[in-house]
Amino acid sequence: MSNALPVAELINNRGMNVDARCQACGEEPESINHTLFGCHVARQVWALSSILNPPGGFHESSVFSNLDFLLNSRKGNNSLLIYWRNWPWILWNLWKRRNESLFEGRLLTSEEVVLKSEDEAEEWFLAQQVEKDWAVTEKASKPLIRLNWEPPPCGWLKCNVGVDWCKRDGLAGGGWVLRNERGVVILHSRRAFSGLLYKVEANFEILKWAVESMRSHHISNVIFSGDLEDMFGAITGPEA
Ligand SMILES: [Zn+2]
């Protein structure tokens with residue numbers, strides 16, 4: 001809507017001389033509206049998707065009326081919400097498909113674009129649900145006793161690792177915070193884990209993830225800390 005997608009028409013408008021035609025059909029100038037709604041690829045994707053197309057089809061030239069349709073048409077019919085919610089992923093994957101075919105010579109079929117969009121939307125909404133569930137559990141649980149944080153020695157960093165595990169559904173949440181000797185937070189991260197049947201497994205996976213995160217950030221001289229005695233014991237005294 002802010003004319004930011006670098007389609008051929010806009011690149012030409014900004015003074016560069018490129019082939020203005022759509023490279024997928026070769027028939028029309030490549031505008032944003034053509035790429036996302038008008039081109040035969042886009043038409044096919046929208047037709048295959050679970051979204052009801054506007055009566056008479058998408059507008060031929062106005063990206064505004066087409067987005068207005070997607071944003072506002074489902075109002076008043078909530079039963080269709082589950083099918084309707086995929087549309088941002090369809091737009092995104094149409095754009096990605098255009099770039100992949102242009103720059104990498106990879107051509108996804110219309111069916112693949114639709115399936116990919118549906119999968120990605122599903123995954124995103126599922127992640128929102130997990131976040132929501134966590135917020136509820138976190139609120140319900142008793143306030144944690146704050147232990148005094150001890151700074152690492154000079155030249156070292158400290159990574160505090162936290163694990164929360166739920167026996168009922170095998171889900172776990174992990175988090176780590178990396179601080180310097182003055183207690184300044186350098187980096188932090190959190191992640192969800194699933195399929196963890198035992199507490200010790202959750203502790204292991206999450207500590208491993210924290211160690212790997214340090215490695216991938218090229219951070220050495222780190223002291224790991226957390227309520228993970230069994231794990232630290234296994235490292236410092238493997239025979240036991
Ligand atoms: Zn086209």
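**Strands, helices and cores**

User: How many residues lie between the strands of the hairpin that β1 and β2 form, and which residue in the turn has a positive phi?

Analyst: Four residues lie between β1 and β2 in their hairpin, and G170 in the turn has a positive phi of about 65°. Before we go on, residues are numbered from 1 along each chain as its sequence is written. This is a predicted model, in which local features need pLDDT of at least 70 and side-chain atom pairs count only at pLDDT 80 or more, while totals for chains, interfaces and linings use all residues.

User: What makes β1 and β2 a pair?

Analyst: Strands (E runs of at least two residues) and helices (H or I runs of at least four) come from DSSP and are numbered from the N terminus. Two strands pair if DSSP finds at least two bridges between them. β1 (residues 157–166) and β2 (residues 171–179) have nine bridges in the antiparallel sense, so they meet that definition. Along this pairing, N160 stands opposite V177 in β2, and G162 stands opposite G175.

User: How do you know that β2 and β3 pair as well?

Analyst: Eight antiparallel bridges link β2 to β3 (residues 185–193), and the definition asks for at least two, so this is a pair too. Here R179 faces V185 in β3, and G175 faces R190. The hairpin of β2 and β3 has five residues between the strands, and G183 takes a positive phi near 85°.

User: Why are β3 and β4 called edge strands?

Analyst: The open sheet has four strands in the order β3-β2-β1-β4, with mixed pairing. β3 and β4 (222–226) each pair on one side only, and that makes them the edge strands. Neighbouring strands are turned by 15° against each other on average, with direction ignored. Axes are lines fitted to C-alpha atoms (for helices, over the stretch in contact), and angles run from 0 to 180 degrees between N-to-C directions. Helix α8 (residues 199–216) packs on the sheet, where it touches β1, β2, β3 and β4, and its direction makes about 145° with that of β1.

User: Why is H218 called exposed, and what is said about its phi?

Analyst: H218 has 6 other C-beta atoms within 10 Å, so it is exposed. H218 sits in the loop between α8 and β4. Its phi is positive, about 55°, although H218 is not a glycine. Most residues other than glycine have a negative phi. N3, in the segment before α1 (8–13), also has a positive phi, near 55°, without being a glycine. N3 is exposed because it has 12 other C-beta atoms within 10 Å.

User: What makes a set of residues a nonpolar core, and which residues have the most contacts inside the largest one?

Analyst: A nonpolar core is a set of buried Ala, Val, Leu, Ile, Met, Phe, Trp, Tyr and Cys residues joined through C-beta atoms within 7 Å. The largest core has 17 residues, and L36, A42, V45, I90, L91 and L94 have the most contacts inside it. α2 (32–38), α3 (40–48), α6 (87–104) and α7 each give two or more residues, and the largest share, five residues, comes from α6. Apart from this core lies another of 13 residues, including V161 and I206.

User: How do you know whether the span of α6 is close to what is expected?

Analyst: The expected span is 1.5 Å times one less than the number of residues. α6 has 18 residues and reaches 25 Å from its first C-alpha to its last, close to the expected 26 Å. The buried residues of α6 include W87, I90 and R98. Just after α6, G105 takes a positive phi of about 65°.

Technical notes:
Two residues are in contact if their C-beta atoms, placed from the backbone, lie within 7 Å. A residue is buried if 20 or more other C-beta atoms lie within 10 Å of its own, exposed if 12 or fewer, and partly exposed in between; C-beta atoms are placed from the backbone.
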